[in-house]
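Morning, everyone. I have one model to walk through today. Please look at the screen.

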Amino acid sequence: MKYADAHCHSNPIEGLGAREIARRFKKHGGWFIALVSLPPYHYGYTEPSIESYRKMIELLLSEAKNIREEGLEVRVLAGFHPAEVDEYFRRGVSLEKIYELAVKVFDLITSYHEKGLIDGIGEVGRQHYSTAPQRLVLSELIMIKALEYAKDHDMIVHLHLEQGGWTTVRSIEELIKLSGISKDKVFLHHVDYETSKWAETLGFWYTIPAKHRMLKKTLSEKHRRRVLVESDFIDDPRRPGVSSYPWDIPLRINELINEGVIEESYVEKIMTDYVRKAYLL
Ligand SMILES: [Zn+2]
Ligand SMILES: [Zn+2]
């Protein structure tokens, strides 16, 4: 069986880095990773400036190269995470300045995309935790801008959202109309069961975390056509329990196949056919 990780981060400064991640994942059958940027300050680029994002993207590209050199396929996304809104606000940057920075970052991402180096924007979206209402609205404005850039330049987008089931997915269905981007390009990442159900119904790609209960519940329903599996690994040794490892995907799935709850042929389809279709591989 071959396995794909539909949303993963790497941090060569603090953590294992992409080469080691790719090696370990490959040993467990890994063939594909969608590599998503972390906020620049996770890599030590603490200045809230476009230069920090340039450094972040350069690092991301070298990480993607390492994955390719280990023989895996990779898609690369760089973004402006809603947590960045809160972080810069806390440091005294005004909401308008944060918005201006985000737009510059999307310009930068687009210039890399035009050189064929970046495939999409991610993560952008809304905070999944409580924050000041105006910061939530700002994050949404930034997301709408990202969807416009993605539509205009034919990029995919990974959305980080609250897990609000119908409300979350319906709101995205409305918001994507502003840009006219196709649903095929929009991925709802780290969804819970209820949100995954609506993402499936309304026709978005979505990534479910590689947790036993979630995989069991979702993948035992064999009718799903938009489901992908992610580790959302953040490669931060100081926060080991926050997400899964990419190799947890094969480990958890094999357990479930052995338990007889999910079907091998169906999972194989998700890990290859769906991934190829979603990421245009
Ligand atoms: Zn996220
Ligand atoms: Zn993530």
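Which residue in β2 is the bridge partner of A4? In β2, A4 is bridged to F32.

Before more detail, some ground rules. This is a predicted model: local features need pLDDT of at least 70, side-chain atom pairs count only at pLDDT 80 or more, and totals for chains, interfaces and linings use all residues. Residues are numbered from 1 along each chain as its sequence is written, while chains are lettered from A and ligands numbered from 1 in the order in which they are written. Helices (H or I, at least four residues) and strands (E, at least two) are DSSP runs, numbered from the N terminus.

Now the sheet. Eight strands form an open sheet, ordered β1-β2-β3-β4-β5-β6-β7-β8, with parallel pairing. Two strands count as paired if DSSP finds at least two bridges between them. The edges are β1 (3-8) and β8 (227-230), each pairing on one side only. From one strand to the next, the twist averages 25°. β1 pairs with β2 (residues 30-36) in the parallel sense, over four bridges.

Move along to β7. Strand β6 (residues 186-189) runs parallel to β7, and three bridges join them. F187 has W205 in β7 as its bridge partner. Is β7, residues 205-209, enclosed or open? Five of its five residues are buried, so β7 is largely enclosed by the rest of the structure. Buried means that 20 or more other C-beta atoms, placed from the backbone, lie within 10 Å of a residue's own; exposed is 12 or fewer, and partly exposed is in between. Both faces of β7 are covered: W205, T207 and P209 on one side, Y206 and I208 on the other.

Next, the helices. α1 (residues 18-27) packs on α2 (residues 50-69) at about 30°, with axes 8 Å apart. Axes are lines fitted to C-alpha atoms, for helices over the stretch in contact, and angles run from 0 to 180 degrees between N-to-C directions. The two helices, α1 and α2, are therefore roughly parallel. The cut-offs: under 35 degrees is roughly parallel, over 145 roughly antiparallel, 65 to 115 roughly perpendicular, and the rest oblique. A18, R19 and A22 of α1 touch E63, N66 and I67 of α2. Contact means C-beta atoms, placed from the backbone, within 7 Å.

Last pair. α5 (residues 133-153) and α6 (residues 166-179) pack at about 55°, axes 8 Å apart. That makes α5 oblique to α6. I144, L147, E148 and K151 of α5 meet L175, I176, L178 and S179 of α6.

Note on methods
Two residues are in contact if their C-beta atoms, placed from the backbone, lie within 7 Å.
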